[in-house]
Amino acid sequence: MASHRRPARVTVLTAAAAATAAASLGAVPASADPGAGPAAGRATVDRLFEEAEKATEGYNRADEKADALRRTVSQAQDGLARGQERINRMRGALGSVAGAQYRSGGIDPALALLLSSDPDTYLDRASALDRATVRQSAALGELVREQRRLDQKRAEARTALGELERSRAEVARHKRTVERKLAEARRVLASLTVEERADYDRSSRSGARSEAGELPPLADLGPASSRAAAAVIAARSAIGKPYVWGATGPSAFDCSGLMVWSYRQAGISLPRTSSAQRNAGRHVPLSQAQPGDLVTYRGDASHVAIYAGNGQVIHAPYPGARVRYDPVNMMSHVTVTRV
């Protein structure tokens, strides 16, 4: 998920793939069947939160791509400005030579030498003129080549700018999808009775005790590297902070954002999205998990946590919940990655 700049920034989706993902996410009904009972309502909320999380990861991928494109466009614009300055200087130098020739009456320099009143130095002057003509010709050739290079850079900058605009549109699509899913989940939650809502909170928040500040003892970090241990300690310090989609701390996090922030405190840079984090290191069996390992869930790796030891992970669960401990096997399709 992302930094608390704006709900933010992976593997990058193409604009077409992103549009397909956003369209498929948008096809989910807004609420549970009113006659299906509270269990169906809770299932609908869980599904909407899961789909909002998947859309958040799509948003993070698109936003990361947009950030990279913004840097590319900025560098291209700087390069264009420097190239134009060089061309302007070269034109100025050639213009000065042409101006001097015009002021001398436009006479061919070779003829001016023949008419010189100092024939004894004619050969020396002719040699100097020949060198000057060669230099002027070379300067003109370099000016033409520089102009071609500048034209090529302009074309590349236009391409990058067009891709940036498409990526911005992709970001906006994912943002709308996330917001729509969360609004639908809130509507379903609002339709539950007080008792049903309390039951939902109990059943979906196995980490409520740790959210309340009664933290379990810090697990024996065992063979974990010093950096992995530092990342676990950082994640532990975030317990109780709210889930905010697109946030990377320090006051709020989404799931992959918590991983980025925790490992950053340990001096390690992780990819922004959970799907990229799944492949940020070596996969190991769950039975060999060590504190500091990344644990991703679901077939598309749309959720991620950090293994804290003793069969528990620390993660940012979903909107409305706070960073907490949960069992490592809380979801399906578990992949353990050692960074």
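Analyst: Let us begin with exposure: a residue is called buried when its relative accessible area is under 20%, and exposed when that area is over 50%. At 65% relative accessibility, N310 is therefore exposed. Please keep in mind that this is a predicted model.

User: Where is N310 placed, and what is the value of its phi?

Analyst: The general idea comes first. Most residues other than glycine have a negative phi, and most peptide bonds are trans. N310 lies in the loop between strand 3 and strand 4, and its phi is positive, near 55°. R298 also has a positive phi, near 70°, and is not a glycine. The loop between strand 2 (294-297) and strand 3 holds R298. R298 counts as buried because its relative accessibility is 11%.

User: Which residues are joined by a cis peptide bond?

Analyst: The cis bond joins G249 and P250, with omega at about 5°. P250 is placed in the loop between helix 7 and helix 8. Just after helix 8, G267 has a positive phi of about 85°.

User: How many residues of helix 8 are buried?

Analyst: Nine of the eleven residues in helix 8 are buried, and the helix is mostly covered. Among them are C255, L258, M259, W261 and Y263.

User: Which residues touch the most other members of the largest nonpolar core?

Analyst: In soluble globular proteins, nonpolar side chains tend to be buried together. Here the largest nonpolar core has 52 residues, and those touching the most other members are F49, Y263, I306, I314 and V323. Helix 2 (38-103), helix 4 (122-191), helix 7 (226-237), helix 8 (255-265) and strand 3 (303-309) each supply at least two residues. Helix 2 gives the most, with ten residues. Another core lies apart from this one; it has nine residues, including V284, V295, V328 and V336.

User: How many aromatic pairs does the structure hold?

Analyst: There are three aromatic pairs. To classify a pair, one considers the angle between the ring planes: under 30 degrees counts as stacked, over 60 as edge-to-face. F49 and Y318 are stacked, at 5.1 Å centre to centre and 20° between the planes. This pair links distant parts of the chain, since F49 is in helix 2 and Y318 is in the loop between strand 4 (312-315) and strand 5 (324-327), 269 residues apart. F49 is buried, with a relative accessible area of 9%, and Y318 is buried, at 11%.

Y59 and W245 form an edge-to-face pair, at 4.8 Å centre to centre and 80° between the planes. Y59 belongs to helix 2 and W245 to the loop between helix 7 and helix 8, 186 residues apart. Y59 is buried at 3% relative accessibility, and W245 is buried at 10%.

User: What is the nearest side chain of opposite charge to R278, and how far away is it?

Analyst: A salt bridge requires a side-chain nitrogen of Lys or Arg within 4 Å of a carboxyl oxygen of Asp or Glu. For R278, the nearest side chain of opposite charge is D300, 6.9 Å away; R278 is buried yet has no salt bridge. R278 is found in helix 9 (residues 274-278). Its contacts beyond four places in sequence include H283, T296, R298 and D300.

User: Where is confidence lowest and where is it highest?

Analyst: The mean pLDDT is lowest in helix 1 (residues 15-25), at 37, and highest in strand 6 (residues 335-338), at 98. For the protein chain the mean is 75, and 68% of residues reach 70 or more.

Notes:
Residues are numbered from 1 along each chain as its sequence is written. Side-chain values use heavy atoms; hydrogens and water are left out. Helices (H or I, at least four residues) and strands (E, at least two) are DSSP runs, numbered from the N terminus. Buried means under 20% relative accessible area, exposed over 50%, partly exposed in between (1.4 Å probe, protein chains only). Lys and Arg count as positive and Asp and Glu as negative; His and the chain ends are not counted. Contact means heavy atoms within 4.5 Å. A nonpolar core is a set of buried Ala, Val, Leu, Ile, Met, Phe, Trp, Tyr and Cys residues joined through side-chain atoms within 4.5 Å. Rings of Phe, Tyr and Trp (its six-membered ring) pair if their centres lie within 6.5 Å; planes under 30 degrees apart count as stacked, over 60 as edge-to-face and the rest as tilted. pLDDT is the predictor's confidence in each residue, from 0 to 100.
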